[in-house]
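Colleague: I am new to this model. Could you take me through its cavities and its chain contact?

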Amino acid sequence: MTFDYETEEQNSRRKIAEAADAKTLEAVRVEYLGRKGMLAAMYANLATLSKEQKPKEGQRINKFRGVVTQLIEEKKKTITAKARQDSQKQLDVTIPGVARLVGHAHVLTQTIDEICSIFEQMGFAVQEGPEIETEFNNFTALNIPEDHPSRDGFDTFYLKKPDPTDKKVNLLLRSQTSPVQIRIMKEHKPPLAFVVPGKVYRPDAVDASHSFMFHQIEGLLVDKDVKFSDLKGLLTVFLKRLFGREIKMRFRPHFFPFTEPSAEVDISCYICGGKGCSVCGRKGWLEIMGCGMVHPQVFKAVGYPKGKYTGLAFGLGVERIAMLKHGIHDIRLFFENDNRFLEQF
Amino acid sequence: MKISLNWLKDYVTPGISVEKLAHRLTMAGLEVEKISSVGDDTIFELEITPNRPDCLNMLGMARETAAILKKPRRIPKVKKRVWPKQKCAIVIDDKKACSRYIGTLIEGVSIKSSDEKIIKHLMTLGQRPVNNVVDITNFCLMETGQPLHAFDYDKLAGGKIIVRRARKGEKIVTIDDVERELDPSILVIADEKRAVAIAGVMGGKATEVTGATKNILLESAYFDPVLIRRASRKVGLSSDSSYRFERGVDYRTVEGGAARAVDLILESAGGKITKRADVIVARKKSARTRITISKDTINARIGASLTSVQYKDILKRLDFNVTGSKTGAFTIVPPSFREDIKAAEDIVEEVARIVGYDNLPLSFPLIKASTIPPDPTRLARRKMRELFLAQGFDEVITYTMINRKGLEMSNQGDLQGVEIFNPLTQDQEIMRPSMLPSLLSVVLSNANRGQKNIRFFETGKIYTAKGETDTLGVIMTGLREDDWRCVKKEDADYYDLKGAFEQAFDSLGIEKKRIRVQSQQEEFLADGQSSAVFVDGKKVGVIGKVGEDVLDKWDIKQKNVLFAEIDMEGAYKQKKPVVRYKPVSEFPAISRDISLAVQANITAHDIEEAIRKTVEGEKQVVLTDLRFIEKYEGDQIAKDQRGLIFSLTYQSCQSRTLRDEEVTEAHEKVCDVLVRDLGVIRR
């Protein structure tokens with residue numbers, strides 16, 4: 001018995017192509033590859049052939065089996081894929097996932113953390129102190145004279161009641177974070193390197209750029225041989241880390257009672273790059289922080305021996321930095337705590 | 001302060017562009033904040049720091065400009081005069097307030113308009129020219145920094161000047177036509193009858209120089225800076241004079257300024273000096289400051305390497321007297337107008353700013369390791385913040401100063417807070433003794449803007465007579481969770497907030513058994529939904545639902561507002577114990593549920609305690625988990641009872657698998673105890 005392999009192969013191709021679902025395809029498979037299928041019959045027939053015919057016929061059957069097997073496999077994949085696609089149970093994967101929402105740290109906290117961590121990486125410790133202070137720590141020890149205007153009720157909030165432990169001591173809300181310098185220096189000997197973040201208070205009428213409560217970060221480095229050039233170096237590293245390596249900076253002489261020499265640090269305006277715009281008041285520079293070498297009177301006030309130590313100190317306003325960095329135009333936004341403001345950071 | 005560049009050029013020629021000059025002044029500590037032009041002139045608006053009153057005049061600015069640019073100065077010459085022997089009648093009543101007063105009487109002046117040049121200079125700076133005498137006093141103030149005032153001598157009752165404190169209720173009409181009431185804290189210049197000027201602030205209308213004036217008395221004096229500042233604030237009047245007196249006028253210019261004005265008045269208005277008096281109450285600081293410092297010290301402080309000659313040159317250009325550089329140490333005597341120069345550091349700054357900070361080198365400090373530990377409250381606060389952020393709470397920062405009304409609206413009227421002596425507004429009356437008013441105001445403002453689902457916390461302080469306490473405040477209202485799969489949207493309730501705390505305490509390493517929460521009614525919390533939190537038996541805070549009456553008073557429309565306040569120090573200052581590992585059992589555990597009908601007076605805590613105690617007495621089993629499963633109230637149970645289900649997980653005390661009957665025995669015992677001791681019914 002002989003087979004017309006060409007015709008059979010063509011038939012099988014057609015049947016496989018026509019099979020529209022898995023069930024029909026399975027029937028086709030059984031017809032050809034099943035135990036009683038066409039190929040089984042072909043192999044059975046092979047045994048009856050002569051020695052000369054066997055190899056040639058065998059090759060032809062094998063080829064036929066290969067073609068059918070492959071076609072069925074391919075068709076099976078197509079049918080499965082189509083069936084998956086047609087399925088009505090497909091998830092709409094574009095619907096948002098469900099998660100426990102993570103909250104947002106306040107932008108001022110984030111700013112404080114960023115600044116403190118730059119200094120921590122340089123070896124500074126972060127310290128804190130009370131908001132209710134004595135006149136000595138907030139003024140006298142910082143070389144601010146008795147009759148200085150900043151001691152007036154126009155510039156500092158005073159408490160109604162004196163210190164309960166010493167009725168002669170007037171208490172106030174610290175107008176700067178500097179009194180913490182005094183507290184720490186009184187307790188510890190140099191070398192000292194620390195930064196102090198915290199709230200400060202001044203009786204300013206509230207507007208877009210003034211608040212009676214705001215935040216400062218103060219820094220102090222005291223050792224035996226701290227120089228003005230160290231101050232420049234330290235703050236250059238800090239400001240480049242905070243605002244980017246491309247910023248330009250300048251140190252401008254200024255006055256603070258507790259430092260001498262004193263300086264203010266400006267950075268090139270991040271909006272106009274120094275050309276002058278409305279943000280920098282056409283100056284091209286933004287005032288960013290105050291600094292200086294610790295005044296000997298301050299060391300005297302904390303009881304350090306005369307001439308033994310030198311130090312550098314610096315301070316900055318957290319709100320100002322955050323406003324510049326994030327383009328916030330009104331200081332009141334920080335304390336309004338509108339959900340839609342908080343969640344932007 | 002504003003200066004005119006054309007005026008400055010009368011004394012020094014900068015020889016560089018306007019922008020460069022502004023930059024050089026700024027970088028020497030005289031910040032030019034604004035540059036503008038008026039006609040052919042340029043105006044610099046300068047920010048002069050309070051230590052530099054000597055720069056609040058043209059000659060001072062000329063000195064600085066000349067020193068910075070290394071240019072010569074042209075200082076106006078004052079004529080040497082022989083003063084008449086006859087004295088003006090000047091009485092200084094308050095000797096502390098006025099240490100020097102020079103009065104010069106010029107008779108027979110002709111009042112007319114000023115010279116072109118003076119008018120132009122004054123007008124550039126926005127001053128209205130009045131007449132030659134008044135203009136000259138203003139001109140000399142700007143030139144020398146010495147405030148001057150000319151009185152119409154014939155209008156001074158008794159021809160006399162008395163420097164005294166104002167009387168209570170005394171009034172004066174100042175030259176700006178405003179009647180001002182005075183008091184004894186204010187220093188005045190008076191004649192025999194009345195006050196004729198508020199000393200150092202503004203002259204009086206009655207004695208001002210007018211077109212009809214024939215004879216003038218020129219005042220040049222030194223008034224106490226603090227007294228002038230307070231008077232100026234009190235009468236709400238700041239003038240060019242008061243601004244300078246407040247900051248400190250050079251004691252020597254009292255004479256020099258007067259002499260310059262006399263020259264100009266005689267030149268412009270004619271007349272003759274007939275009387276003069278120079279009353280010196282106290283010679284101020286006759287012994288001048290002497291500072292010794294070496295070139296090497298200066299170089300070491302700024303990290304530079306300049307020569308003695310360079311330093312000496314800089315200081316001399318600033319009118320400092322410098323001697324003895326050969327031995328390496330200078331002896332420096334600062335000029336009288338530089339009262340800010342007191343010590344070696346001040347000399348360091350002077351040379352540094354003239355060299356320019358930007359021209360000085362830069363170095364990197366060696367920061368030594370310190371043994372000062374980081375602030376423990378800060379660490380606790382950071383940790384707590386992270387835990388609440390992780391649970392979906394947003395952080396807020398609110399004003400710590402509040403209105404007492406806010407406390408009353410929160411049923412916390414009994415709390416004291418810390419009173420502020422000088423608040424600007426009522427909203428700053430006190431430092432808050434509780435976080436509730438601050439957080440309710442945040443809920444209100446958000447709700448008014450349509451923000452209804454709120455989960456906020458603040459790690460801030462509260463203030464009492466005992467001091468300030470680090471506190472965590474949490475407020476929560478609106479839907480429990482934003483899960484679109486839940487069709488039924490429910491408001492967050494007490495257990496949501498309590499759960500957040502349990503989770504946070506757990507992460508902080510405070511074990512469950514150290515924490516106790518029990519009912520305790522607070523005025524500001526809703527009836528029956530108010531609890532106190534204890535750690536190791538010490539009360540650390542409250543958790544509860546805000547009372548409806550409080551919400552009504554705040555006009556907050558939401559009904560379910562949950563609030564918690566926890567003392568951070570009390571709760572978290574404790575050290576986290578080092579955890580010792582307990583081996584995990586390889587043998588299976590067996591869980592059994594227990595469903596109970598419980599009377600109102602028995603708490604879940606009572607039941608848990610009883611279960612724990614009972615199992616502890618067992619020899620074969622231990623309780624590895626005790627879980628609360630469900631609470632039921634409704635038709636299926638008696639009205640005064642509620643259904644509670646707990647799941648108990650048992651394990652063998654030994655290393656083996658528990659037998660079922662062992663568990664059953666223990667579990668039945670637990671049930672019996674609960675029924676017997678707590679009167680519960682098994683369901």
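Modeller: Here are some questions and answers on the contact, the cavities and the domains. The model is predicted, so local features need pLDDT of at least 70 and side-chain atom pairs count only at pLDDT 80 or more, while totals for chains, interfaces and linings use all residues. Residues are numbered from 1 along each chain as its sequence is written, chains are lettered from A and ligands numbered from 1 in the order in which they are written, and side-chain values use heavy atoms, with hydrogens and water left out.

Colleague: What is the area buried between chain B and chain A?

Modeller: Contact means heavy atoms within 4.5 Å. It takes 85 residues from chain B and 93 residues from chain A. Buried area is the accessible area (1.4 Å probe) that two parts lose on being put together, summed over both. Carbon and sulfur atoms give 54% of a total of about 7,600 Å².

Colleague: Which residue of chain A forms a salt bridge with Arg378(B)?

Modeller: A salt bridge puts a side-chain nitrogen of Lys or Arg within 4 Å of a carboxyl oxygen of Asp or Glu. Chains B and A share ten salt bridges. For Arg378(B), the closest N and O atoms are 3.6 Å apart, and the partner is Asp113(A).

Colleague: What volume does the largest cavity have?

Modeller: On a 1 Å grid over the protein atoms alone, a cavity is a set of points where a 1.4 Å probe fits but cannot get out; lining residues have an atom within 4 Å of a point. Points are joined across faces, edges and corners, and volume is the space filled by probe spheres set on them. The structure holds four cavities of 30 Å³ or more. The largest has about 340 Å³.

Colleague: Which element gives the most to that lining?

Modeller: Helices (H or I, at least four residues) and strands (E, at least two) are DSSP runs, numbered from the N terminus. α5 and β4 of chain A, with α12 and β22 of chain B, each supply at least two residues. Four residues come from the top contributor, β22(B).

Colleague: How many charged residues does the lining of the largest cavity have?

Modeller: Asp, Glu, Lys and Arg count as charged; Ala, Val, Leu, Ile, Met, Phe, Trp, Tyr, Cys and Pro as nonpolar; the others, Gly among them, as polar. This cavity is lined by 22 residues. Four are nonpolar, six polar and the charged ones number twelve.

Colleague: How far apart are the C-alpha centres of domains 1 and 4 of chain B?

Modeller: Domain bounds come from an automatic or database domain assignment. It gives domain 1 as 2-69 and domain 4 as 376-572. Their C-alpha centres are separated by 55 Å.

Note on methods. On a 1 Å grid over the protein atoms alone, a cavity is a set of points where a 1.4 Å probe fits but cannot get out, and a pocket is an open set with protein on both sides within 12 Å along at least five of seven lines; lining residues have an atom within 4 Å of a point.
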